[in-house]
Amino acid sequence: MRADRLVSLVLLLRQRGRLTADTLARELEVSTRTVLRDIEALSAAGVPVYAERGRHGGFALLPGFRTELTGLNHDEALALLAAGSARGERAFGLGAALASAMRKVVDALPEDHRAGASDAARRLLVDPETDLLARRSATDQMPAAALAEVRRAVLAGRKLRIRYAATDQPPRWRTVDPIGLVTVRDRGYLLATRAGADRTYRLSRIAAAEELAEPAERPETVDLDRIWRERSTRFRFDGEHHVTALVRVRPARREELVDTALAVRAMEPDADGWARLEVTFQDARHAEWALWELGADGEAVAPRSLRASLHQRAAALARRYDDAP
């Protein structure tokens with residue numbers, strides 16, 4: 001995609017003025033040597049880019065130069081659409097395409113609006129990687145090449161081979177009919193069918209992928225929202241290892257607990273005002289973690305096994321600090 005990269009390089013210089021080779025390399029996600037080769041190619045093509053030496057030097061365009069090469073390519077248009085969902089540009093591997101597309105959008109604006117739009121964008125931040133407590137959000141990682149293959153197969157409607165590692169199992173190859181991609185709280189999923197049966201695959205567990213030439217067996221139209229709701233319901237209530245617990249929680253921490261649960265049923269509050277909930281967790285480890293996070297603001301009333309595991313964890317922590325004053 002060198003042509004797209006050359007356009008992005010020109011747009012960066014137009015919008016931000018003089019930039020060093022290192023800065024351009026970071027923005028374009030390539031090496032400094034590649035940037036220097038691209039600069040040479042632009043000069044040979046007649047683009048008036050020049051170098052300034054010295055401590056504050058870099059590359060710049062002659063004043064007044066303007067390019068009309070602002071048309072969006074397929075991935076850039078897709079990135080703009082995906083960006084409207086929950087950080088879709090990260091989950092689907094479209095971050096670089098989104099950055100390139102936004103540069104083209106800014107460049108297409110009238111000159112008197114361009115500075116205002118860029119300033120406005122710098123004053124808006126959506127879903128930063130850390131919250132106020134400096135906790136980093138966990139984002140699924142997947143090889144870029146494999147993700148590109150998955151994305152192409154989904155959009156082209158072709159069968160897909162994936163090397164997938166299910167929970168507590170070694171990775172193995174399987175062929176699926178892809179339906180769509182979903183991102184939920186920075187976790188990406190591939191919705192598919194395999195031998196006619198519904199399957200949901202975590203993108204971070206796909207080590208490799210290969211788009212096949214054979215058409216996928218799937219409906220012409222799709223309602224991903226409905227499919228996701230149906231699969232989520234089955235997952236919540238059909239899980240073999242799910243744990244349902246009776247929990248007391250301080251009202252101020254109620255939503256924090258609810259956000260981690262698969263299902264919640266509210267019950268009559270206790271006399272002291274604490275909320276009383278019947279909460280379904282993915283498994284025993286999930287239940288223990290969720291209650292431990294609440295500290296003294298929550299209590300597992302039942303089952304006894306959950307109370308015992310929390311007691312053992314608290315006792316081990318107390319022993320670790322038994323020399324504290």
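The legends below describe close-up views of a predicted model.

Residues are numbered from 1 along each chain as its sequence is written. Because the model is predicted, local features are reported at pLDDT of at least 70 and side-chain atom pairs at pLDDT 80 or more, whereas totals for chains, interfaces and linings use all residues, and side-chain values rest on heavy atoms, without hydrogens or water.

**View 1. Confidence of the model, and residues 84–89.** The predictor's confidence in each residue, pLDDT, runs from 0 to 100. Its mean over the protein is 80, with 73% of the residues at 70 or more. Over residues 84–89 pLDDT stays under 50, and for this stretch the model has 14 contacts beyond four places in sequence, a contact being heavy atoms within 4.5 Å.

**View 2. Helix H2 and the residue that follows.** Helices (H or I, at least four residues) and strands (E, at least two) are DSSP runs, numbered from the N terminus. Helix H2 spans residues 21–28, and its buried residues include Ala21, Thr23, Leu24, Ala25 and Leu28; buried means under 20% relative accessible area, exposed over 50% and partly exposed in between, with a 1.4 Å probe and protein chains only. An α-helix has 3.6 residues a turn, so residues three or four places apart point the same way. After H2 comes Glu29, with a positive phi near 60 degrees, although Glu29 is not a glycine. Glu29 belongs to the loop between H2 and helix H3 (32–44) and is exposed, at 62% relative accessible area.

**View 3. Two aromatic pairs.** Rings of Phe, Tyr and Trp (its six-membered ring) pair if their centres lie within 6.5 Å, and planes under 30 degrees apart count as stacked, over 60 as edge-to-face and the rest as tilted. By this rule there are two aromatic pairs. The ring centres of Tyr164 and Tyr201 are 4.9 Å apart and the planes stand at 75 degrees, so this pair is edge-to-face. It links distant parts of the chain, with Tyr164 in strand S3 (residues 158–164) and Tyr201 in strand S6 (residues 197–202), 37 residues apart. Tyr164 is buried at 5% relative accessible area, and Tyr201 is buried at 3%. For Tyr189 and Trp228 the ring centres are 5.2 Å apart and the planes at 45 degrees, so this pair is tilted. Here Tyr189 lies in strand S5 (residues 187–194) and Trp228 in helix H9 (residues 224–238), 39 residues apart. Tyr189 is buried, with a relative accessible area of 17%, whereas Trp228 is partly exposed at 21%.

**View 4. Arginines over tryptophan rings.** A charge sits over a ring if NZ of Lys or CZ of Arg is within 6 Å of the ring centre and within 35 degrees of the ring normal. Arg161 lies over the face of Trp173, at 4.3 Å from the ring centre, and Arg313 over that of Trp292, at 5.0 Å.

**View 5. Surroundings of Asp177.** Asp177 is in strand S4 (residues 172–184) and is buried, at 5% relative accessibility. Its side chain makes a polar contact of 2.6 Å with the side chain of Lys159; such a contact is a pair of N or O atoms within 3.5 Å, where within protein one must be able to donate a hydrogen and the other to accept it, and residues adjacent in sequence count only if both atoms are side-chain atoms. Leaving aside neighbours within four places in sequence, Asp177 is in contact with Lys159, Ala192, Thr193, Ala216 and Glu217.
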